[in-house]
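Colleague: Could you walk me through this one? I would like to start with the aromatic residues and then move on to the core.

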Amino acid sequence: MTDQTIIGSALPNIPWEEKPEGYKHTVWRYSKNPIIPRDLIPSANSIFNSAVVPFEGEFAGVFRCDNRQRNQQLHSGRSKDGINWEIDNERIPFISDDPEIGKFDYAYDPRVCWLEDRYYVTWCNGYHGPTIGVGYTYDFKKFYQLENAFLPFNRNGVLFPRKIEGKYAMLSRPSDNGHTPFGDIFYSESPDMCHWGKHRHVMSPVNKWEITKIGAGPTPIETTEGWLLIYHGVLTSCNGFQYSMGAAILDIDKPSKVLCRTEPFLLSPWELYECVGDTPNVLFPCAALFDAPTGRIAIYYGGADTVTCLAFTRVDDLIEFIKSNSKV
């Protein structure tokens, strides 16, 4: 018997910093942000919108590293503490059985999900327009590419960390070929990680801070209240797009059903490293680590499409905030 809200494993070495004294909000930033500067590796123009997971007692991840030719690329990285990172200077050379799928155009905004016996990677893959690339790795050294999940155009493909009713499950955001000025989150399932169908609408933009479009962020976290989904929402202001962070709780057996979601944002671009960069006013969550016994959650997010940052929350406080400030 347990009183844990998160259904999952312990991660005693989770990156963590206590909430600042007097701070009144549910999610707080790491005081030493950004944790990864734009030029950590020689080839990079920027390093942001990246995914991190626990790995062999330490941490590993897949990082969006746009290079100095402004090509959008994925790189592998490792860390002992989840804060100080070593990232490969060369992009990941995915191994593919089909040269057609293995053609490299661009790859960005990865997510990484431990599922069954391997780490799956999903990303926005350039194949006659943006779609959802799918691959996997066992060791963050060799990466294997599978079939793209969907036809173009699509972004923000995020896997669930276990099968649901016997099927693999993924969230995504159908889009267009440009800088999409619209977008809802959809749910899809697959028997084999190749053929995806039974697409179901999950949610549309409803709040002013997300009124243009929304997209799934980190791998959903399984809790006793349902699937905890951290997501991004976009407002079109007089100065362009502004990306903020929100959260929702999805039904545990039918994740296309939204139980509650935040009417106010959790974090919005306020700090200099979120407001100034290659794309100003962007706060884009892509990964979340958790320690189930303590309920601690560490959220990795991109700042201004330039650097990688870290924020923290506690699961019980976050769920209570979502339920008390919900607009579905």
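Colleague: Are F55 and Y119 buried or exposed?

Modeller: In this model, which is a predicted one, F55 and Y119 are both buried.

Colleague: How do the rings of F55 and Y119 sit relative to each other, edge-to-face or stacked?

Modeller: The ring centres of F55 and Y119 are 5.7 Å apart and the planes meet at 75°, and because an angle over 60 degrees counts as edge-to-face, that is what this pair is called. The two residues come from distant parts of the chain, with F55 in strand β2 and Y119 in strand β7, 64 residues apart.

Colleague: And what kind of pair do Y136 and Y144 make?

Modeller: Y136 and Y144 are stacked, with 5.2 Å from centre to centre and 20° between the planes. Y136 has a relative accessibility of 15%, so it counts as buried, while Y144, at 25%, counts as partly exposed.

Colleague: How many aromatic pairs are there in the whole structure?

Modeller: The search finds 21 aromatic pairs. There is also an aromatic cluster formed by F55, F94, W114, Y119, W123, F140 and F143.

Colleague: Which charged residue lies over the face of F104?

Modeller: That is R91, at 3.8 Å from the centre of the F104 ring. In another such arrangement, K163 lies over the face of Y168, at 4.7 Å from the ring centre.

Colleague: Switching to the core, which residues have the most contacts inside the largest one?

Modeller: W85 and F140 do, in a nonpolar core of 38 residues. Several strands give two or more residues to this core, including β3, β5 and β7, and the largest share, six residues, comes from β2.

Colleague: What does W85 touch, apart from its close neighbours in sequence?

Modeller: Beyond four places in sequence, the contacts of W85 include I35, L40, V52, F63, S79 and Y300. S79 is also the bridge partner of W85, in the antiparallel pairing of β4 and β5, which runs over three bridges.

Colleague: How many residues of β4 are buried?

Modeller: Five of the six residues of β4 are buried, so the strand is mostly covered. Strand β4 also pairs with β3 in the antiparallel sense, over six bridges, and R64 has L74 as its bridge partner in β4.

Methods. Residues numbered from 1 in each chain as written. Predicted model: local features only at pLDDT ≥ 70, side-chain atom pairs only at ≥ 80, totals over all residues. Heavy atoms only, no water. Phe/Tyr/Trp six-rings, centres within 6.5 Å; stacked < 30°, edge-to-face > 60°. Helix = DSSP H or I, 4+ residues; strand = E, 2+ residues; numbered from the N terminus. Buried < 20%, exposed > 50% of the residue type's maximum accessible area, 1.4 Å probe, protein only. Lys NZ or Arg CZ within 6 Å of the ring centre and 35° of its normal. Core = buried A, V, L, I, M, F, W, Y, C linked by side-chain atoms within 4.5 Å. Contact = heavy atoms within 4.5 Å. Pairing = 2+ DSSP bridges.
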